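Please read the points below with the structure open. They go from the whole chain to single residues.

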Amino acid sequence: MAVLQHELTLGEAADLLSRALPGHRVEILQGRLTATPPPDGSHALSLTKLGRAFDRAGIVEAGLEYVQSVGLWLPTLPADFAIPDF
């Protein structure tokens, strides 16, 4: 019996990995696929405090916004994709 092999692209591999590891941050950085476990409570608390500081500084009144957990295509390499902390 013949076995066909299909080589995955980095994007396809990242999709499979993100489904296999729910909650993990799956990124493609400089041609390498990485998976990071979810942040712990102290990390989340730090981001909450940072967001509150932005609010107190008047970020919305200045016409600016901030969001969390948004994936970004990076300009370094065509396939680079990351999810910043904040």
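1. Helices (H or I, at least four residues) and strands (E, at least two) are DSSP runs, numbered from the N terminus. On that basis the chain has 2 helices and 4 strands. Their order from the N terminus is α-β-β-α-β-β.

2. The model is predicted: local features need pLDDT of at least 70, side-chain atom pairs count only at pLDDT 80 or more, and totals for chains, interfaces and linings use all residues. Residues are numbered from 1 along each chain as its sequence is written, and side-chain values use heavy atoms, with hydrogens and water left out.

3. The chain has 86 residues, and 12% of them are buried (under 20% relative accessible area; exposed is over 50%, partly exposed in between; 1.4 Å probe, protein chains only). Its accessible surface is about 6700 Å², with 61% belonging to carbon and sulfur atoms; the areas come from the Shrake-Rupley method with a 1.4 Å probe, and for residues only the protein chains shown count as cover.

4. Of the contacts (heavy atoms within 4.5 Å) in the chain with a separation of 6 or more, 32% are between residues 24 or more positions apart.

5. Strands β1 (residues 25–29) and β2 (residues 32–36) pair in the antiparallel sense over 5 bridges; pairing requires that DSSP finds at least two bridges between two strands. Across this pair, isoleucine 28 stands opposite leucine 33 in β2. The hairpin of β1 and β2 has 2 residues between the strands.

6. Most residues other than glycine have a negative phi. Glutamine 30 counts as exposed because its relative accessibility is 60%.

7. The C-alpha atom of glutamine 30 is separated by 7.8 Å from that of alanine 79, and the two residues are 49 residues apart along the chain. Alanine 79 is in the loop between β3 (72–73) and β4 (81–82). With a relative accessible area of 36%, alanine 79 is partly exposed.

8. Helix α2 (residues 41–56) has 16 residues and reaches 23 Å from its first C-alpha to its last, close to the 22 Å expected at 1.5 Å a residue; the expected span is 1.5 Å times one less than the number of residues. Glycine 58 follows α2 and has a positive phi, near 85°.
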